[in-house]
Amino acid sequence: MYNIWVTVVLPIFICVVLPVTVVWLALRARQHAIDKKAEIMLKAIESGASIDPNLLKPQTKQKSLKEKLLARLTGACVTSLLGAAFLIGSLVLDWDITFVPIQTSLLGGILLAVGIALFVSYFAGKNMLAKEIEAEENAQEGSKQ
């Protein structure tokens, strides 16, 4: 009985029920936010107050160049550390199965290569976009004052 749960029911829950539930919850949260905005708009119309037409538009915040570069640096750190961990794990651990060390070392090498590429991209972007980042920071400081 336990074998049926592990081989049949668990994969169905992980591959079908979990993604459907995540999508349903995300759509439900979005619908709730839209309903709240609509309720606010209806109350504003009923009271005769002026209505901001930008209220129902989605609010998108543009990331600055510095935030994009920091996201690359974070991704580089995470993928490099995971790649190094997989490589060290494939070398250090004593595996009973013969193909597992090959797979983990291959995965570790791929992750390490992606991490190194992101590091290179970060440092190249940091050097190339230094003037633009400084101009953005000056513009933001000017708008705050």
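This is a predicted model: local features need pLDDT of at least 70, side-chain atom pairs count only at pLDDT 80 or more; totals for chains, interfaces and linings use all residues.
**View 1. Helix 1 has a bend at Phe-13.** Here's the answer: about 35°. Phe-13 also belongs to a nonpolar patch on the surface, together with Ile-4, Val-8, Ile-12, Val-16, Val-17 and Val-20. Together these residues have about 590 Å² of accessible area. Take Val-16, found in helix 1 (residues 2–47): its relative accessible area is 46%, so it counts as partly exposed.

**View 2. Glu-39 and Lys-43 join up in a salt bridge.** Their side chains meet at 3.7 Å, N to O. The two sit 4 residues apart in helix 1, so about one helical turn separates them. Glu-39 is partly exposed at 38% relative accessibility, while Lys-43 is exposed at 53%.

**View 3. Glu-137 pairs with Lys-66 in a salt bridge.** The closest N and O atoms are 2.8 Å apart. This pair links distant parts of the chain, with Glu-137 in helix 4 (residues 130–144) and Lys-66 in helix 2, 71 residues apart. Glu-137 is partly exposed, at 29% relative accessible area, and Lys-66 is partly exposed too, at 43%. The structure holds 2 salt bridges.

**View 4. Buried residues of helix 3 pack against helix 2 (65–92).** Among them are Val-100, Gly-108, Leu-111 and Tyr-122.

Terms used:
Residues are numbered from 1 along each chain as its sequence is written. Side-chain values use heavy atoms; hydrogens and water are left out. Buried means under 20% relative accessible area, exposed over 50%, partly exposed in between (1.4 Å probe, protein chains only). Contact means heavy atoms within 4.5 Å. Patches are made of residues with over 30% relative accessible area and no salt bridge: like charges are joined within 9 Å, nonpolar side chains (Val, Leu, Ile, Met, Phe, Trp, Tyr) within 5 Å. Accessible areas come from the Shrake-Rupley method with a 1.4 Å probe; for residues, only the protein chains shown count as cover. A salt bridge is a side-chain nitrogen of Lys or Arg within 4 Å of a carboxyl oxygen of Asp or Glu. The bend at a residue is the angle between axes fitted to the seven residues ending there and the seven starting there.
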